[in-house]
Amino acid sequence: MRKLIIGLAAAAILALSGIAAMAAAPNTDQQEENYSFKGSVAVADQKDQRNEAADGKEAEGKDTADGKGETPDASDLKSLAKIDRSTAEQATLKAVPGTVKETDLEVENGFVVYGVEVAGNDGKTHDVKVDAGNAKVLHQQVDGADGPRDSEDAN
């Protein structure tokens with residue numbers, strides 16, 4: 001009986017330590033969005049929101065950071081962008097050689113950017129953010145990497 005109680009206590013301790021370890025582990029979904037950069041095309045009252053508006057689809061309507069109004073839709077983002085999709089993809093491929101898988105016009109950190117997903121020649125998938133105003137690569141990250149990597153020359 002004593003061995004059974006000791007065994008159950010040990011199992012409980014192991015289970016609790018496992019739960020604590022999972023709680024302390026970094027959330028990779030949050031890490032992907034915890035990067036900072038500044039673009040050249042600001043969206044008024046937008047902060048830390050990812051709103052894809054590609055291929056003529058409307059962006060998901062979310063309240064702005066101050067709770068007033070909604071995020072811009074696809075046509076609003078296109079009208080704010082000073083470069084086109086092709087230019088953003090060319091800038092991306094200079095930084096990360098490979099094949100473009102997907103390109104979306106988005107709001108990141110309150111700025112209009114192109115989010116470009118690339119199947120890199122290195123065999124990895126890269127997520128690249130390109131300034132929609134000047135085609136500057138602002139951020140790039142390998143999917144599944146530990147943390148974001150902003151471009152060295154980003155503002």
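This report describes selected residues, a helix and a set of charged side chains in one predicted model.

Residues are numbered from 1 along each chain as its sequence is written, and side-chain values use heavy atoms, with hydrogens and water left out. Because the model is predicted, local features need pLDDT of at least 70 and side-chain atom pairs count only at pLDDT 80 or more, while totals for chains, interfaces and linings use all residues.

Val 112 belongs to strand β2, which covers residues 111–120. Helices (H or I, at least four residues) and strands (E, at least two) are DSSP runs, numbered from the N terminus. Val 112 has 0% relative accessibility and therefore counts as buried. Buried means under 20% relative accessible area, exposed means over 50%, and partly exposed lies in between, with a 1.4 Å probe and protein chains only.

Which residues does Val 112 contact, leaving aside its neighbours within four places in sequence? They are Val 41, Val 43, Leu 77, Leu 80, Leu 105, Glu 106, Asp 131 and Ala 132. Contact here means heavy atoms within 4.5 Å. Ser 40 stands 72 residues from Val 112 along the chain, and the C-alpha atoms of the two are separated by 8.0 Å.

**Helix α4**

Helix α4 spans residues 85–95, and its residues Ala 88, Ala 91 and Thr 92 are buried. Seen down the axis of α4, the buried residues fall within an arc of 100 degrees, so they line one face of the helix. The arc is that of the directions from the helix axis to the C-beta atoms. Gln 90 and Lys 94, on the other side of α4, are exposed. What do the buried residues of α4 pack against? They pack against three strands: β2, β3 (125–131) and β4 (137–142).

**Two loop residues with positive phi**

Asn 109 has a phi near 55 degrees, a positive value in a residue other than glycine. Asn 109 sits in the loop between β1 (98–108) and β2, and at 15% relative accessibility it counts as buried.

Ala 135 also has a positive phi, near 65 degrees, and is likewise a residue other than glycine. The loop between β3 and β4 holds Ala 135. With a relative accessible area of 19%, Ala 135 is buried.

Side chains of opposite charge can pair when their charged atoms come close. A salt bridge is counted when a side-chain nitrogen of Lys or Arg is within 4 Å of a carboxyl oxygen of Asp or Glu. A search of the whole structure finds four salt bridges.

| Glu 106 and Lys 129 | 2.9 Å | Glu 106, 3% |

Salt bridges that share partners join Glu 106, Glu 108, Asp 127 and Lys 129 into one network. Is Lys 129 buried or exposed? Lys 129 counts as buried, at 1% relative accessibility. Its place is in strand β3.

The side chains of Glu 106 and Lys 129 meet in a salt bridge. Glu 106 lies in strand β1 and Lys 129 in strand β3, so this pair ties together parts that are 23 residues apart in sequence. Glu 108 is in strand β1, so its pairing with Lys 129 in strand β3 ties together parts that are 21 residues apart in sequence.

Met 1, Leu 4, Ile 5 and Leu 8 make a nonpolar surface patch of about 480 Å². Patches are made of residues with over 30% relative accessible area and no salt bridge; like charges are joined within 9 Å, and nonpolar side chains (Val, Leu, Ile, Met, Phe, Trp, Tyr) within 5 Å. Accessible areas come from the Shrake-Rupley method with a 1.4 Å probe, and for residues only the protein chains shown count as cover. Ile 5 is part of helix α1, residues 2–24. At 52% relative accessibility, Ile 5 counts as exposed.
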